[in-house]
Amino acid sequence: MKFKTIALAALLATTGSAFAEIQTGQTGTFGEAELVFIATNAKGSFIKDLGITANAFQANGNFNISVQGAEWDKFVGFGGSDTKWTVLAANPIGFGFEPGEINLFTTVGAGQAANGINNQLFNDAVNNLATAFAISDDISTNAGNGVANIELAQASGTDGYLDGYVNLAGFYKQVGLVGESLTMSYLTSSSADSTALVLASSYANASTQVTFNGTNIAAVTAVPEPSTYALLLAGLCAVGFMVRRRQS
């Protein structure tokens, strides 16, 4: 079963932002989708293009970016509570269910199994996210924010309100509370079986922790201590010794 993206392609073609749009890899390049930060509550949502591609984050594993500014103040001014947040990059570069065609780099909420969503729900949700980002780009252009990478706050019930798009339309927990640290995973559809679970792996590193403290979104990847490398090397040497011993 192929997912139809004609409407999305048309929408992308008509989006003429004067500012840097959210890149989703629609050109067919894996990992060139940009990470975005999304905060939502019952009163409104806020989206910020972090300006970092999935590939760049995979290579570096660290960032610390402020969300403060006019659009964040607008979001806070909506008066919502129990704000939840996520960081993700939607990267649909194909049209089907084969691995590598529909891709998502995302925070994983507490208690959520990394691969706990089936191919059909996953593909639909990721393509809908890409469409939502195109809409946010378009609204931001009309608002004339003048920022390097788009930032947009929208009230509940208006175009661009993103609460229904996070958590993959309610089928996968991506979000955390303010002050909570989350890990990140890479997800992709696994096969032509629409009911099969997706494939998932750690991204950018199993030790990477992403945290939002209310003003800054930060990702930190722990660098192993020299002793950790020494233990790893010792273990590899021991394995090599046992292999040589069996071969002799």
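**Buried charges and their surroundings**

E151 and K48 are both buried, where buried means under 20% relative accessible area, exposed over 50% and partly exposed in between (1.4 Å probe, protein chains only). The model is predicted, so local features need pLDDT of at least 70 and side-chain atom pairs count only at pLDDT 80 or more, while totals for chains, interfaces and linings use all residues. Residues are numbered from 1 along each chain as its sequence is written, and side-chain values use heavy atoms, with hydrogens and water left out.

**Salt bridge**

- Side chains of opposite charge can pair when their charged atoms come close.
- One salt bridge is found in a search of the whole structure; the term requires a side-chain nitrogen of Lys or Arg within 4 Å of a carboxyl oxygen of Asp or Glu.
- The partners are E151 and K48, whose closest N and O atoms are 2.5 Å apart.
- Because E151 lies in strand β6 (residues 151–155) and K48 in strand β2 (residues 44–53), the pair ties together parts that are 103 residues apart in sequence.
- Strands (E, at least two residues) and helices (H or I, at least four) are DSSP runs, numbered from the N terminus.

**Nonpolar cores**

- A nonpolar core is a set of buried Ala, Val, Leu, Ile, Met, Phe, Trp, Tyr and Cys residues joined through side-chain atoms within 4.5 Å.
- The largest such core has 27 residues, and L35, F37, F63, V87 and I217 have the most contacts inside it.
- A second, separate core has 26 residues, including L129, I150, Y172 and V198.
- Leaving aside residues up to four places away in sequence, L35 touches several residues, among them K48, F57, F63 and V87; contact means heavy atoms within 4.5 Å.

**Aromatic pairs**

- Rings of Phe, Tyr and Trp (its six-membered ring) pair if their centres lie within 6.5 Å; planes under 30 degrees apart count as stacked, over 60 as edge-to-face and the rest as tilted.
- By this rule there are 11 aromatic pairs.
- The ring centres of F57 and F63 are 5.3 Å apart and the planes stand at 50 degrees, so this pair is tilted.
- F57 counts as buried at 1% relative accessibility, and F63 counts as buried at 8%.
- W72 and F75 form a tilted pair, with 5.0 Å from centre to centre and 40 degrees between the planes.
- One aromatic cluster is formed by F37, F46, W72, F75, W85 and F212.

**Helix α3**

- W72 and F75 both lie in helix α3 (residues 70–77), three residues apart, which is about one turn of the helix.
- The buried residues of α3 include E71, W72 and F75.
- These residues cover an arc of only 100 degrees around the axis, which puts them on the same side of α3; the arc is that of the directions from the helix axis to the C-beta atoms.
- The buried residues of α3 pack against β1, β2, β6 and β10 (209–212).
- On the face turned away from the buried side, α3 carries the exposed residues A70, D73 and G77.
- Just after α3, G79 takes a positive phi of about 85 degrees.

**The loop residue N41**

- N41 lies in the loop between β1 (34–40) and β2, and N41 is buried, with a relative accessible area of 5%.
- The side chains of N41 and T83 are joined by a polar contact of 3.0 Å.
- A polar contact is a pair of N or O atoms within 3.5 Å; within protein, one must be able to donate a hydrogen and the other to accept it, and residues adjacent in sequence count only if both atoms are side-chain atoms.
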